[in-house]
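Here are some notes to keep beside you on a first look through this structure. Please take the points in any order you like.

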Amino acid sequence: MTEIKTETKRDEKTEVRSIHLDDYVALLGEPEIDEIRTLAGKLSGRTVQMVNSTAMGGGVAEILNCLIPLMDDLGLKPRWDVITGGNAFFEVTKAFHNALHGGAYEARKEDFDLFHATTELNRKRLQFDCEFTVIHDPQPVGLIESRPGHAGHWIWRCHIDLSQPNPDVWGFLRPMVFKYDAAMFSSPSFARQLPIPQYLAYPCIDPLSEKNAELDPAYVRSVMDRFGIDVGRPIITQISRFDRLKDPVGVVRAYQIVKRYADCQLVLAGGGAVDDPEGGVVLEEVRHAAAGDADIHILDLPPWSAMEINALQRASTIIVQKSLREGFGLTVTEGLWKKKPVVASAVGGIPAQIIHKHTGLLAHSVEGTAYQIRFLLSNPAIARKLAEQGHEHVREHFLITSNVKRYLTLFLHSMQSS
Ligand code: UDP
């Protein structure tokens, strides 16, 4: 096992780069870009506030990092706020997160009290005066209490799989969700019985970001050299926060089965997120499972590693996402966009991306994951075909421009129906 650790020193800040819609013309064509401009023209100068619980790490921060500047380029006035909360709060919300994904949870009054108290602090700290307020995920859901009168349009954007939520946690959150004007989910199967309209919106990636743009092969090579990974031998990679629901130990087990039959290396790369305090413990479990194997590379990356992650994905032979539960799995989208064959679990939003035997391969267990990896390693022509088709699937459905269009349409619809 080789391991790289880089210290996290940056502050949590919602700094975003500037993005111009015109930059996407070459990729998407004029008609698509014109359609977005036409929709945005009707929303010019309208204020939008996005609120979530971390500026770095995880899929939501990844999306907001491109959604905000793109809305700005389109003439809206977007703002991104991140709630603050201590470790104890994020331990509670992580327990809620796991429980909403169907995990065990014993309801404790002190958890609910801490949730309310942190919400109150953030209500005092943040300003709510925009025409459209989009609250992402359960951590900030209680901010709805700050809605001035019945002003503006408040949308709860849920990125997690709510199909089998723990009843105590959902029972606690549900009355807050009911107060929104609408809810947005990443898959039709996540929708709940709610008295408010529900919309479907797939998460997305920015093809021009540091995480996804084309890279100079020499740079890719230099990153692999830096991490001590041999580009001459097959590389199987999972990029994920060290989170039990991403099942990194299951990935090690699958790799160990594959390794009995084929030469390969395993890369497990991930870092933490402020709103996920479990990372250190899970990382220890992974280290333990990987001990003694020099072909397993555990990379504990800081949050500003977008280009390194891009390089790792591009250098990989196969991308794996062996999640036990998954809202959507942007790492799958990123792998497909880079024309990589992907083996991923058939959970949450992943089957919307991996159409089995068409855009990648689905698996249901450690053994199944190992089987599919072996299949791809010994059938490179099929692997290439799946990867090509996966790339086109992402182009059609999961790029940031589709997501912007979805928000613009929802905003326009909210204005018309109010
Ligand atoms: N990611 C990252 N650094 C890491 C681990 C993940 O930048 O150390 C990125 C990853 O490339 C992807 C996002 O974080 O863009 C993870 O989104 P996903 O939907 O896969 O999972 P989430 O973490 O939101 O559950």
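Where is Lys 339 found? Lys 339 sits in the loop between α11 and β12 (342–345); helices here are DSSP runs of H or I of at least four residues, and strands are runs of E of at least two, numbered from the N terminus.

1. **Before you start.** This is a predicted model, in which local features need pLDDT of at least 70 and side-chain atom pairs count only at pLDDT 80 or more, while totals for chains, interfaces and linings use all residues. Residues are numbered from 1 along each chain as its sequence is written, and side-chain values use heavy atoms, with hydrogens and water left out.

2. Lys 339 has a phi near 60°, a positive value in a residue other than glycine. At 40% relative accessibility, Lys 339 counts as partly exposed (buried means under 20% relative accessible area, exposed over 50%, and partly exposed in between, with a 1.4 Å probe and protein chains only). Asp 137 is not a glycine either, and its phi is positive at about 70°. Asp 137 belongs to the loop between β4 (132–136) and β5 (153–157), and with 10% relative accessibility it counts as buried.

3. **Helices α8 and α9.** Two packed helices are described by the angle between their axes and the distance between the axes. For helix α8 (residues 248–259) and helix α9 (residues 279–290), the angle is about 15° and the axes are 9 Å apart. That makes α8 roughly parallel to α9. In these terms, angles under 35 degrees count as roughly parallel, over 145 as roughly antiparallel, 65 to 115 as roughly perpendicular and the rest as oblique. The axes are lines fitted to C-alpha atoms, for helices over the stretch in contact, and the angles run from 0 to 180 degrees between N-to-C directions.

4. **What joins α8 to α9.** On the α8 side, the contact (heavy atoms within 4.5 Å) is made by Pro 248, Val 249, Val 252, Arg 253 and Gln 256. From α9 come Val 282, Glu 285, Val 286, Ala 289 and Ala 290. By class, the residues of this contact divide into seven nonpolar, one polar and two charged (Ala, Val, Leu, Ile, Met, Phe, Trp, Tyr, Cys and Pro count as nonpolar, Asp, Glu, Lys and Arg as charged, and the others, Gly among them, as polar).

5. **Helices α4 and α6.** The axes of α4 and helix α6 (residues 167–177) come within 9 Å and cross at roughly 110°. The two helices are therefore roughly perpendicular to each other. Phe 96, Ala 99 and Leu 100 of α4 meet Val 169, Trp 170, Phe 172 and Leu 173 of α6. This contact has seven nonpolar, no polar and no charged residues.

6. **An enclosed helix.** How many of the 10 residues of helix α10 (residues 306–315) are buried? Nine are, so α10 is largely enclosed by the rest of the structure. Among the buried residues are Glu 308, Asn 310, Gln 313 and Arg 314. The buried residues of α10 pack against α7 (217–226), β8 (235–239), β9 (265–270), β10 (296–300), β11 (318–321) and α11 (330–337).

7. **Nonpolar cores.** A nonpolar core is a set of buried Ala, Val, Leu, Ile, Met, Phe, Trp, Tyr and Cys residues joined through side-chain atoms within 4.5 Å. The largest has 54 residues, of which Met 50, Leu 67, Leu 76, Leu 408 and Phe 411 touch the most other members. Helix α3 (residues 59–73) supplies the largest share of this core, nine residues. Not counting residues up to four places away in sequence, Leu 408 touches Ile 36, Leu 39, Ala 40, Leu 43, Leu 74 and Leu 76. A second, separate core of 34 residues includes Tyr 105, Phe 172, Tyr 180 and Ala 183.

8. His 101 is placed in the loop between α4 (87–100) and α5 (109–125) and counts as buried at 4% relative accessibility. Leaving aside neighbours within four places in sequence, His 101 is in contact with Ile 160, Asp 161, Gln 164, Leu 245, Arg 325, Glu 326 and Gly 327. Tyr 199 lies in strand β7 (residues 198–200) and is partly exposed, with a relative accessible area of 24%. Ala 363 belongs to strand β13 (residues 361–363) and counts as buried at 4% relative accessibility.
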